[in-house]
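Dear colleague,

Please find the structure below, handed over for your use. My findings follow it.

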Amino acid sequence: MELEQALRQLGAAIQSDERYKALKAAAEVNDKNELLQDKMHEMQLLSLQYQQESAKADEADSAKIEELQDKYQNIYTEIMEYEDMKNYSAAASEVDGMAQYISKMIGMFFDGENPETCEITPDDCTHNCATCGGCY
């Protein structure tokens with residue numbers, strides 16, 4: 001039970017972090033943006049149409065697939081130009097960095113590192129930014 005209590009404390013700390021709060025606020029703004037929601041719905045429909053056409057295997061219409069891909073990419077680009085989406089993406093990136101940092105620290109604990117003194121250092125860099133917990 002001690003571990004579960006520590007996890008719940010970690011969860012509370014995550015949810016009280018300003019980065020998490022910024023992401024939740026940005027998501028709420030996006031949810032209320034009707035134009036953005038319409039574009040996202042349109043993109044989902046294109047994705048379904050693409051999946052349906054691709055599922056036809058040898059009978060799939062390659063021109064239609066290419067058209068759907070182009071439309072999808074255009075709508076995606078439009079969506080990413082919305083200021084609300086830019087704000088959401090920036091906030092999501094911050095939370096992702098926090099999650100990667102937490103994951104890396106937990107990994108160090110499993111490797112036997114001292115939880116009181118271990119640190120993530122620049123030497124831990126994998127040169128793959130997807131594994132980054134931030135520079136220290």
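A salt bridge is taken here as a side-chain nitrogen of Lys or Arg within 4 Å of a carboxyl oxygen of Asp or Glu. The model is a predicted one, in which local features need pLDDT of at least 70 and side-chain atom pairs count only at pLDDT 80 or more, while totals for chains, interfaces and linings use all residues. Residues are numbered from 1 along each chain as its sequence is written, and side-chain values use heavy atoms, with hydrogens and water left out.

Overall architecture

The protein chain has five helices and zero strands, in the order α-α-α-α-α along the sequence. Helices (H or I, at least four residues) and strands (E, at least two) are DSSP runs, numbered from the N terminus. Of the 136 residues in the protein chain, 18% are buried. Buried means under 20% relative accessible area, exposed over 50%, and partly exposed in between (1.4 Å probe, protein chains only). Among the contacts in the protein chain with a separation of 6 or more, 63% join residues 24 or more positions apart; a contact means heavy atoms within 4.5 Å.

Salt bridges

In one of them, Lys-21 pairs with Glu-18, with 3.7 Å between the closest N and O atoms. These two residues are separated by about one helical turn, because Lys-21 and Glu-18 lie three residues apart in helix α2 (residues 18-32). Lys-21 is partly exposed, at 42% relative accessibility, whereas Glu-18 is exposed, at 56%.

The closest N and O atoms of Lys-39 and Glu-42 are 3.9 Å apart, and Glu-42 is partly exposed, with a relative accessible area of 36%. Lys-39 and Glu-42 also belong to a network of salt bridges that includes Glu-78.

A salt bridge also links the side chains of Glu-53 and Lys-56, at 3.0 Å from N to O. Here Glu-53 is buried, at 5% relative accessibility, while Lys-56 is partly exposed, at 44%.

Nonpolar cores

A nonpolar core is a set of buried Ala, Val, Leu, Ile, Met, Phe, Trp, Tyr and Cys residues joined through side-chain atoms within 4.5 Å. The largest one consists of seven residues: Leu-36, Met-43, Leu-46, Leu-68, Ile-75, Ile-79 and Met-85. Helices α3 and α4 (62-81) each contribute at least two residues to this core. Another core lies apart from it and has six residues, including Leu-23, Ala-26, Ala-91 and Met-98. Leaving aside residues up to four places away in sequence, Leu-36 touches Asn-30, Ile-79, Tyr-82, Asp-84 and Met-85.

Largest pocket

A pocket is defined on a 1 Å grid over the protein atoms alone, as an open set of points where a 1.4 Å probe fits, with protein on both sides within 12 Å along at least five of seven lines; lining residues have an atom within 4 Å of a point. The largest pocket holds about 290 Å³ of space, this volume being the space filled by probe spheres set on the points, which are joined across faces, edges and corners. Its lining consists of Leu-3, Ala-6, Leu-7, Leu-10, Ile-102, Ile-106, Phe-109 and Phe-110. Helices α1 (2-16) and α5 (83-110) are the elements that give two or more residues to the lining. By class, the lining has eight nonpolar, no polar and no charged residues. Ala, Val, Leu, Ile, Met, Phe, Trp, Tyr, Cys and Pro count as nonpolar, Asp, Glu, Lys and Arg as charged, and the others, Gly among them, as polar.

Yours sincerely
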